[in-house]
Each structure stands twice: as C-alpha cells, then as structure tokens.
Amino acid sequence: MKKNKFKFRKIQFRKVTIDELDDRMLLVNLYATQALTLIIGLIWVILQQQNLFSLLSIPAAITNVFLWGAGLAAVAVCVDLVLSKFVPDEVGDDGGVNERIFGTRAVWHIALISFVVAICEELLFRGAMQHAFGPYWTSIIFATIHVRYLKHWIPTGLVFSISYGLGWIYIQTDSIWAPIIAHFLFDFIMGLMIRFRRES
C-alpha cells in the first residue's frame, strides 16, 4: 500500500483580503493574533526580569488610575469624532476591518474583544516594549503594527498619538491598568459607534 507523504514544498501562502474571510475565520484570526501578542509580551516581561505580579497588581489609587484611563479615552474618541467630520471617509479607511469586526457583533462580544485586545496589546507594548525602548519608539512600532492604517497619514498619526498617550499615562500613574482602561474604553466606544451606526 502506497503512503502519501506530506511535502512541505507544496505548501503555498497567499495574501487574503478581509472580504475573503467568513465571520468565524475573522474571529479565529483576531483571537489567535491576540494570543500570540500575549505570549510574546509575557515572555518579554519575564526575560526583562520584571515581576509580572507586580506589573499587573491593582494599584491602591485605582480611582486615580481609572480617571487617567477614562480621560485619555474620552480625548481620543473626541479627536476621532472631530476628524471624521472634517476628513473624507477614504482618508480614514482601514480596509473595512473594524466594520467587519464590530458591525454586527453583540454588545457583550464588543466588550470582550475590546478587553482581550487591551490586555494583550498593553502587556506587550507598555509592559514589555516601553520598558525596553521608551514611549516614543514603542509608539512608532505600535503605529507600524497597525498596518491597515499606514496607507493614510492622518489615521497613522492618530494611532501614534494614542499610543504615545497610553505610554504617557503609564508613566504618570506607574500602573499598566491606566493604559489598559484607556485602550479598552476607546475600542469599546468606537466598536459601539460602528455597531449602532450600521444598525441605524
């Protein structure tokens, strides 16, 4: 009996557009990417010999930390809304990714996605990367990672500015929970706006 051998050379990779992914594959891709981000962040923090429990500990001044996070999220949402009023839609186009992620999602799922993204990305970028490179270079990398915005300088500038703001409030509060709260609230509010704008 002839055995079929698996040949690695026959594996082919190709670029897939957002429209080619069904909803299930979109979510699998999203959560897999965040899991990878979390793993890299955890390993990097440990290699830096930071105390992970200390990094993630809830601060005594949690109200102050929440106000910093909520304040930055409010500013970022307001800036985004002002830009959307004066900037043509095609300039802020992300290729339909956010629309696909949030457009028909239940509110609880928007909250879950926002929370997962905030925890995973802030652990990597603020917890590990900023510890190594500082807020400026971390924000350059953060903006570059959000590659779907790189076609237009205005959303790229906004992503960089928000990232720098996240790094700044991390320094001001000495708590990673401030940027986590800000990141969560910004994504959650923008996700709700996409969801209910589509419904209306």
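Author: The protein chain exposes about 12700 Å², and carbon and sulfur atoms supply 66% of that area. Accessible areas come from the Shrake-Rupley method with a 1.4 Å probe, and for residues only the protein chains shown count as cover. This is a predicted model, in which local features need pLDDT of at least 70 and side-chain atom pairs count only at pLDDT 80 or more, while totals for chains, interfaces and linings use all residues. Residues are numbered from 1 along each chain as its sequence is written, and side-chain values use heavy atoms, with hydrogens and water left out.

Reader: What pattern does the protein chain follow along the sequence?

Author: The pattern is α-α-α-α-α-α-α, with 7 helices and 0 strands. Helices (H or I, at least four residues) and strands (E, at least two) are DSSP runs, numbered from the N terminus.

Reader: Why is Ala178 called buried?

Author: Buried means under 20% relative accessible area, exposed over 50%, and partly exposed in between (1.4 Å probe, protein chains only). Ala178 has a relative accessible area of 0%, and is therefore buried. Its place is in helix 7 (residues 177-199). Of the 200 residues in the protein chain, buried residues make up 39%.

Reader: Which residues is Ala178 in contact with, leaving aside its neighbours within four places in sequence?

Author: They are Val65, Trp68, Gly69, Ile169 and Thr173. Contact means heavy atoms within 4.5 Å.

Reader: What makes a set of residues a nonpolar core?

Author: Its members are buried Ala, Val, Leu, Ile, Met, Phe, Trp, Tyr and Cys residues joined through side-chain atoms within 4.5 Å. The largest such core has 24 residues, of which Leu55, Ile162, Ile176 and Phe186 touch the most other members. Helix 3 (62-86), helix 5 (107-145), helix 6 (153-173) and helix 7 each supply at least two residues of this core. Helix 7 gives the most, with 8 residues. A second, separate core of 11 residues includes Ile101, Ile113, Val117 and Phe188.
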